[in-house]
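Me: I'd like to learn how to read a structure like this one. Could you walk me through some features?

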Amino acid sequence: MERRDLLKSLVSLPVVGAFGFEWFRKRNHEKYLTENIRNELNISTDTPEYKPVSKDDKLIRIGLIGYGIRGKDLAKAAGFAHPTMIDEWKKGALENKDDDRYEHFLEQDSLNLQIAGVCDIFDTYGRMAQEAGANALRQGTDGKLNQLPKRYLTHQELLADPTIDAVIIAAPDHWHGPISIAAAKAGKHIYCEKPMTWTVEETYEVRKAIKENNVVFQLGHQGRQNESYLKAKEIIAKGVLGKVNLIEVTTNRNDPNGAWVYPIHPDASPQTIDWNQFIGQAPPHEFSLERFFRWRCWWDYSTGLSGDLLTHEYDAMNQIFGLGIPHSAASSGGIYYFKDGRTVPDVLQTVFEYRDLDLSMVYSATLASNLSRGRKIMGHDAYMELDNSVTVYADRGSTRYKEKMDNGIIDPELPIYTYTPGIKNVDAITSPTSQYFAGRGLMYSYRSGRRIDTTHLHIREWLDAIRFGTKTSCNIDVAFEEAMTAHMGTKAYKENRHVYWDPVKEIIV
Amino acid sequence: MNYSFSQKFWLVALRIAIGWHFLYEGLVKLANANWSSAGYLLDSEGFLKDFFVNTLAGNPNMLQVIDFINIWGLILIGIGLILGTFERIACISGILLLALYYLSHPPFVGLKYAVPSEGSYLVVNKILIEMIALAVVYVFPTNREFGLDRFIFGPAKNKK
């Protein structure tokens, strides 16, 4: 080969050299930015542990009280789905490969539970609860059921059953307090749906009953298990946002289901529903299918937006900030869209003041617009957007980050920190594109990291507390704060005035 | 090859520039442990949407294969084009990859994407242009003139 040939073959070697040079320059620049921000923020890369359930763990015998919409979800999260539900998931999976509800359910760990008894005052749901409870093998209608658990017609009878260790309560709001109190007195451990109570008075009584009878209590705010909230808590504790002075949380829905206009079951009638038991401590009313299936629309049984949806937002922030009960609450709103005879508002704004923490929390909700406004936590140095991922942006007016913004290390247009559950290596900087996807929950949903239902984790934490004496994250003290906060919001709305919390006497004034 | 010097020069420059782009796109993905094509695929539109969203992105095993092929395809094509080696395979593979990118996000009337594009496109976008440019490189090969293939396979014979 001639020398000329060799030179011509290797003509692009200088390009390779230039590429390598530029590549390392770019990498070093990115590393410089990332490390600078990472050192400045000092946020850990820890993710919560996931412990498998041991087969040696003590079997816990559960009583299911209420098998409506939420009751079905809770039973499923505990590992017991009705065979027709499994049929539906299987069918869904056949029709749409994206539908992984069936696969997901089969992957869900078994919690070593037995459904020992069920109670629902609507016959159809009562029977379905039995069938779900007997479906330990997680099969469809063509599968085999174990022996059906006993169905009780009243919760009192279920609670008297000595073979039941613990109860999951998914009754309407006005029954949460009375059933919790009775369950505690019967020595049963309690997982109760939110809100903890329907009236202020019950709130004291539930707390007293739980503490006196020493049972394990978990309130159903499964958001406690959300990885992003745990990360947000760490970020705020480390002062990344500076002095937080305003929190904005919101609810936006815009469909009949979201506004609690649920379907009415065709089997439902005065013959199949124990109406008197439904009414309980609520004001008497003639039999009404609307009221039975859509009870969330009436103050007579419901706690409205405040108890139903504000509480999830409040509990998330209480978990992150340790807010406690607010100093004051003011609310306004009305029934502006769903003029269907309901008494609870469909638009609600509530403002809570936390004088000790020097911050306000604003809750704003509508059931008739889908404009998603998310959760925003505002501090002097940075603000956080919190959904399934955590995103932190430096504030242009920040004193802490001023120097780094001035010399180009921090760009207030780009997040200084993002966290999406399921990613192992948490990076301070991600590209705007991946950021865009992460915020919409489009990313990583098919990667190897296991996705786990938060309600399943929340029940699991409760069972661990029963078995090993650990603590529940949504324990009775936290639940007390949640209920009082919701009641303050409701009272402020109903009485159209500021209401205040007296921390010494523990009363709303 | 009867090209003039400037024809050869610009053809080689085009080949190397496209190679540089491919190599960098591949290395960036390789260097980011969290990179996945899932986001891009899930955002697909057009008549092959179902294929990209369900067949590729919807299957975790398939996704791993796609990610692997994508990363190493980009890197190897890039190296091939820069060095001028296995140029024909590199061109064809490159055209195929670009065609897949184009077809998953075609800039057709009425289709919308989660990620806004950095420019304004109607039917023709930069992916399509890069694809056509690669076709040009394919039909006007320079690898046996200025490239490692001259060393491996010998210089191109001038046609009479």
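Me: How far apart are the axes of helix α5 and helix α6 of chain B, and at what angle do they pack?

Reply: This is a predicted model, and in it helix α5 (residues 87-104) of chain B packs on helix α6 (residues 126-139) of chain B with axes 9 Å apart, at an angle of about 160°. Angles over 145 degrees count as roughly antiparallel, so α5(B) is roughly antiparallel to α6(B).

Me: What is the handedness of the crossing of α5(B) and α6(B)?

Reply: α5(B) passes α6(B) in a left-handed crossing.

Me: Which residues make that contact?

Reply: From α5(B) come, among them, B:Ile92, B:Ile95, B:Leu98 and B:Tyr102. α6(B) contributes residues including B:Leu128, B:Met131, B:Leu134 and B:Tyr138. By class, the residues of the contact of α5(B) with α6(B) are 14 nonpolar, one polar and two charged. The charged members include B:Arg88 of α5(B) and B:Glu130 of α6(B).

Me: Where in chain B is confidence lowest, and where is it highest?

Reply: Helix α2 (residues 38-42) of chain B has the lowest confidence in the chain, with a mean of 81, while α6(B) has the highest, at 96. Chain B as a whole has a mean pLDDT of 89, with 98% of its residues at 70 or more. For the complex, the predictor gives an ipTM of 0.89 and a pTM of 0.83.

Me: Now a pair in chain A: at what angle do α10(A) and α13(A) pack?

Reply: Helix α10 (residues 227-237) of chain A packs on helix α13 (residues 304-321) of chain A at about 45°, and their axes are 8 Å apart. That angle makes α10(A) oblique to α13(A). The crossing of α10(A) past α13(A) is right-handed. At the contact, A:Tyr229, A:Ala232, A:Lys233 and A:Ile236 of α10(A) meet A:Ala316, A:Gln319, A:Ile320 and A:Phe321 of α13(A). The residues of this contact of α10(A) with α13(A) divide into six nonpolar, one polar and one charged.

Me: Let's turn to sheets. What is the strand order in the open sheet of six strands in chain A?

Reply: Reading across the sheet, the order is β3-β2-β1-β4-β5-β6 (chain A), and the pairing is parallel. β3 (150-152) and β6 (217-219) of chain A stand at the edges, each with a single partner strand, so one side of each has no neighbour in the sheet. From one strand to the next, the twist averages 20°.

Me: How many bridges join β1 and β4 of chain A?

Reply: Four bridges join strand β1 (residues 60-65) of chain A to strand β4 (residues 166-169) of chain A, and the two run parallel. To find one on screen, look for A:Leu64, whose bridge partner in β4(A) is A:Ile168.

Me: Which strands does helix α8 of chain A lie across?

Reply: Helix α8 (residues 173-185) of chain A lies across β1, β4 and β5 (189-192) of chain A. Relative to β5(A), the helix runs at about 165°.

Me: In which sense does β10(A) pair with β7 of chain A, and in which with β9(A)?

Reply: Strand β7 (residues 244-252) of chain A pairs with strand β10 (residues 359-366) of chain A in the parallel sense, over seven bridges. One of the pairs joins A:Val249 to A:Tyr363 in β10(A). Strand β9 (residues 347-354) of chain A pairs with β10(A) in the antiparallel sense, over eight bridges. There, A:Glu353 stands opposite A:Ser360 in β10(A).

Me: How many residues lie between β9(A) and β10(A) in their hairpin?

Reply: Four residues lie between these two strands, and A:Asp358 in the turn has a positive phi of about 55°.

Key
Residues numbered from 1 in each chain as written. Chains lettered and ligands numbered in written order. Predicted model: local features only at pLDDT ≥ 70, side-chain atom pairs only at ≥ 80, totals over all residues. Pairing = 2+ DSSP bridges. Axes fitted to C-alpha atoms, helices over the stretch in contact; angles between N-to-C directions. Contact = placed C-beta atoms within 7 Å. Parallel < 35°, antiparallel > 145°, perpendicular 65-115°, else oblique. Left-handed = near helix turned anticlockwise from the far one by under 90°. pLDDT = per-residue confidence, 0-100.
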